Amino acid sequence: MKYLIAGLGNIGPEYANTRHNIGFKIVEALAAESGAAWKSERYGDVAEVRAKNKTLLLLKPNTYMNLSGKSVRYWMQQEKIPVDNLLVLLDDLSLAFGKLRIKGKGSDGGHNGLKSIQELLGSAAYPRLRFGIGAEFHKGQQVDYVLGEWTAAESESLPAAIKRSCDAVKSFALAGLERTMNQFNTKD
């Protein structure tokens, strides 16, 4: 059984360590722990890893955040992956740093990556893992905050939070959405 794990982010070195690129960081960590190599393909970089008897196709869209749906839809069609086997990884301002929120459907919450995916899939009913980045910014500074780099304290805590996210991704493929939600959705 194959799963598409789409880590959202923006391409380019200027975005590499920004909060908005946490989706990329999580799929990169999954590939690294399996020793998987990334290949540049149509609409993104892909790597394939195994979680027991499941195949996870990791995706870093190269369409920039606002057009993520183009890449996600292409790879779902290319690999014949049903929507239930899609997991989108993204940043979330409404969650405290490092908190995870996994859901089977929901609104885009103002997130342009989700907006694009929802538009091109024609549905908001697809699994997503939201990674809390907090909201430590002043009014009017949201874009700078999201596209800003992690603080020293966040950088120190980031590896453990990314590891927990990787565990949640593997649980999604192995144990299913409901059990993963019960195990990894953390209380605020």
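Two strands are taken to pair if DSSP finds at least two bridges between them, and strands (E, at least two residues) and helices (H or I, at least four) are DSSP runs numbered from the N terminus. The views below show a predicted model, in which local features need pLDDT of at least 70 and side-chain atom pairs count only at pLDDT 80 or more, while totals for chains, interfaces and linings use all residues. Residues are numbered from 1 along each chain as its sequence is written, and side-chain values use heavy atoms, with hydrogens and water left out.

View 1. Seven strands form an open sheet of mixed pairing, in the order β2-β3-β4-β1-β5-β7-β6. Because β2 (39–41) and β6 stand at the edges with a single partner strand each, one side of each has no neighbour in the sheet. From one strand to the next the twist averages 25°, where angles run from 0 to 180 degrees between N-to-C directions and axes are lines fitted to C-alpha atoms, for helices over the stretch in contact.

**View 2. Strand β4 between β3 and β1.** Strand β1 is joined to β4 by five bridges, and the two run parallel; the bridge partner of Y3 in β4 is L56. On the pairing of β3 with β4, eight bridges are found and the strands run antiparallel, with A47 standing opposite L58 in β4. These two strands, β3 and β4, form a hairpin with two residues between them, and K52 in the turn has a positive phi of about 55°. Eight of the eight residues of β4 are buried, so β4 is largely enclosed by the rest of the structure; buried means under 20% relative accessible area, exposed over 50%, and partly exposed in between (1.4 Å probe, protein chains only). In a regular strand the side chains alternate between the two faces of the sheet. In β4, K54, L56, L58 and K60 point one way, whereas T55, L57, L59 and P61 point the other way.

**View 3. Strand β1 beside β5, with helix α1 on the sheet.** Four bridges join β1 (residues 2–7) to β5 (residues 86–92), and these strands run parallel; A6 stands opposite V88 in β5. Helix α1 packs on the sheet, where it touches β1, β3 (44–51), β4 (54–61), β5 and β7 (128–132), and its direction makes about 140° with that of β4. Contact here means heavy atoms within 4.5 Å.

**View 4. The crossing of helices α1 and α5.** The axes of α1 (residues 22–34) and α5 (residues 152–175) come within 9 Å and cross at roughly 75°. That makes α1 roughly perpendicular to α5, a term for angles of 65 to 115 degrees. The residues making the contact include I22, I26 and L30 of α1 and L158, I162 and V169 of α5.

**View 5. S116 in helix α3.** Residue S116 lies in α3 (residues 112–121) and, at 8% relative accessibility, counts as buried. A polar atom of the S116 side chain lies 3.5 Å from the backbone nitrogen of S68. Not counting residues up to four places away in sequence, S116 touches N66, L67, S68, G69 and K70.

**View 6. K103 in strand β6.** K103 lies in β6 (residues 100–103) and counts as partly exposed, at 40% relative accessibility. Leaving aside residues up to four places away in sequence, K103 touches Y126, P127, R128, L177 and M181.

Technical notes
A polar contact is a pair of N or O atoms within 3.5 Å; within protein, one must be able to donate a hydrogen and the other to accept it, and residues adjacent in sequence count only if both atoms are side-chain atoms. Angles under 35 degrees count as roughly parallel, over 145 as roughly antiparallel, 65 to 115 as roughly perpendicular and the rest as oblique.
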